Amino acid sequence: QVQGVGWLNQSRLMEVLEGGLRVPLVARWPGKIKAGRVTDHVAAFWDVLPTFTELAGAKDKTPTDIDGLSFAPTLLGKGKQKTHDYLYWEFAAYGGQQAVRMGDWKAVRQNMFKGKGELQLYNLAKDIGESKNVAADHPDVVRRIRQIMKSARQPSPLFKFKALDG
């Protein structure tokens, strides 16, 4: 068990597997964050800005056109913590990759520029190492995640990557 307030998912190696996304977040703020508290709250890098603006008392300065959700309630142990319905990543690196995390489910597609990329599905609660693809056993989850992979992608005017499903 990692001491801290949860997992902060971020792109460290531009890889969509847990080994490239999952990192612990350890926070210390005497008098504000209770020592020794642990949570399984899942957050992403894009949640940092809304969290810091809220903690700085400038919540009204948080941009409204971002996907981030403040995890200040988890840090401070106060109020109801909002959660993401899902987290979405895509990287043009390593042949094109996509991933969606939806609760304990994690779906990954890799080498997409060489074809469509087989969707692999993992239950992170049972298989944190993403070693057993259970997509064939859960067609309803696969269907939902495929829809998310199609709808969540937002082209960037700054980073003009080839569409993964071109």
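Two strands are said to pair if DSSP finds at least two bridges between them, and the strands themselves are DSSP runs (E, at least two residues), just as helices are DSSP runs (H or I, at least four residues), both numbered from the N terminus. By that rule, strand 5 (residues 97-102) and strand 6 pair in the antiparallel sense over 5 bridges. This is a predicted model, in which local features need pLDDT of at least 70 and side-chain atom pairs count only at pLDDT 80 or more, while totals for chains, interfaces and linings use all residues. Residues are numbered from 1 along each chain as its sequence is written, and side-chain values use heavy atoms, with hydrogens and water left out.

- An open sheet is formed by 4 strands in the order 4-5-6-7, and the pairing is antiparallel.
- Strand 4 (87-91) and strand 7 are the edge strands, each of which pairs on one side only.
- Neighbouring strands of this sheet are turned by 15° against each other on average, direction ignored, where axes are lines fitted to C-alpha atoms (for helices over the stretch in contact) and angles run from 0 to 180 degrees between N-to-C directions.
- Helix 4 lies across strand 4, strand 5, strand 6 and strand 7, and runs at about 120° to strand 5; contact here means heavy atoms within 4.5 Å.

- The hairpin of strand 5 and strand 6 has 2 residues between the strands, and Gly103 in the turn has a positive phi of about 65°.
- Strand 6 is also joined by 4 bridges to strand 7 (residues 120-123), which runs antiparallel to it, and Trp105 stands opposite Asn123 there.

- Asp127 is found in the loop between strand 7 and helix 4 (139-151).
- Asp127 is buried yet has no salt bridge, and the nearest side chain of opposite charge, Lys132, is 7.9 Å away; a salt bridge needs a side-chain nitrogen of Lys or Arg within 4 Å of a carboxyl oxygen of Asp or Glu, and Lys and Arg count as positive and Asp and Glu as negative, with His and the chain ends not counted.
- A polar atom of the Asp127 side chain lies 2.8 Å from the backbone nitrogen of Ser131.

Definitions and conventions. Buried < 20%, exposed > 50% of the residue type's maximum accessible area, 1.4 Å probe, protein only. Polar contact = N/O pair within 3.5 Å; in protein donor to acceptor, adjacent residues only side chain to side chain.
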